[in-house]
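Please walk through this structure with me, one region at a time. Have the sequence and the model side by side.

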Amino acid sequence: MTSRPALFFIAALLILGCAMAVFATSNGAWLTNVAQREHERVNPYRDQPDAVSAGRRIFLDHCAHCHGKDAEGSKKRPSLKSARVQQQATDGDLHWLLVNGNRSQGMPSWVKLGDPQIWQVICYVKSLHGT
């Protein structure tokens, strides 16, 4: 029979392991899944003010219910103003994420939007840098 302290220790290890897995994934572990070819993709709408406006409308329709209307995130969804999104992730990385999703973290694939709208959302999200 297993002692009570041993069961407590095993339970604590399991909880710690799960917490570390969630933290690693929410901390950008998905970036390691992006192929170099995708990482290097260039946003064809970059630096186009109309694309930022269009991306904002799409964001409000499809993304704001999880990430907040100001992209600040929530308890369970990350801020899109973070250094990871604004500085680490390339436009190609974000495109990959929006196309493929990250279901284990609750992020669906948005491939149904189509490439032009995905790139416009990325323009909007990247425009939030420093806001």
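A polar contact is a pair of N or O atoms within 3.5 Å; within protein, one must be able to donate a hydrogen and the other to accept it, and residues adjacent in sequence count only if both atoms are side-chain atoms. The side chain of Ser-109 makes such a contact with the backbone nitrogen of Val-111, at 3.2 Å. We return to this residue below.

The model is predicted: local features need pLDDT of at least 70, side-chain atom pairs count only at pLDDT 80 or more, and totals for chains, interfaces and linings use all residues. Residues are numbered from 1 along each chain as its sequence is written, and side-chain values use heavy atoms, with hydrogens and water left out.

Start with the overall fold. The protein chain has seven helices and zero strands. Helices (H or I, at least four residues) and strands (E, at least two) are DSSP runs, numbered from the N terminus. Read in that direction, the elements run α-α-α-α-α-α-α.

Next, the surface. Of the 131 residues of the protein chain, 32% count as buried. Buried means under 20% relative accessible area, exposed over 50%, and partly exposed in between (1.4 Å probe, protein chains only). The accessible surface of the chain comes to about 8500 Å². Carbon and sulfur atoms hold 58% of that surface. Accessible areas come from the Shrake-Rupley method with a 1.4 Å probe; for residues, only the protein chains shown count as cover.

Then the contacts, meaning heavy atoms within 4.5 Å. Take those in the protein chain with a separation of 6 or more: residues 24 or more positions apart account for 67% of them.

Which aromatic pairs does a search of the whole structure find? There are two. Rings of Phe, Tyr and Trp (its six-membered ring) pair if their centres lie within 6.5 Å; planes under 30 degrees apart count as stacked, over 60 as edge-to-face and the rest as tilted. Trp-30 lies in the loop between helix H1 (4–26) and helix H2 (36–39), and Trp-96 in helix H6 (residues 91–100), so the pair ties together parts that are 66 residues apart in sequence. Trp-30 is buried, at 8% relative accessible area. Trp-96 also counts as buried, at 16%.

The other pair is Phe-59 with Tyr-124. Their ring centres are 5.3 Å apart and their planes at 50°, so this pair is tilted. Phe-59 belongs to helix H3 (residues 49–62) and Tyr-124 to helix H7 (residues 115–127), so parts 65 residues apart in sequence are tied together here. Phe-59 is buried, with 0% relative accessibility. Tyr-124 is buried as well, at 7%.

Stay in helix H7 for Gln-120. Is this residue buried or exposed? Gln-120 counts as buried, at 14% relative accessibility. Leaving aside residues up to four places away in sequence, Gln-120 touches Tyr-45, Ala-51, Ala-54, Gly-55 and Ile-58.

Now back to Ser-109, in the loop between H6 and H7. Ser-109 is partly exposed, with a relative accessible area of 29%. A polar atom of its side chain lies 2.4 Å from the backbone oxygen of Val-99. Not counting residues up to four places away in sequence, Ser-109 touches Leu-98, Val-99, Asn-100 and Gly-101.

Turn to the cysteines. The structure holds zero disulfides, a disulfide being a pair of cysteine sulfur atoms within 2.5 Å. For Cys-66, the nearest cysteine sulfur is that of Cys-63, 8.5 Å away. Cys-66 is partly exposed, at 26% relative accessible area. Cys-123 is buried, at 9%.

Two backbone angles close the walk. Phi of Asp-47 is near 65°, a positive value in a residue other than glycine. Asp-47 sits in the loop between H2 and H3 and counts as exposed, at 72% relative accessibility. Phi of Ala-71 is likewise positive, near 65°, in a residue other than glycine. Ala-71 is in the loop between helix H4 (64–67) and helix H5 (83–88), and counts as buried, at 0% relative accessibility.
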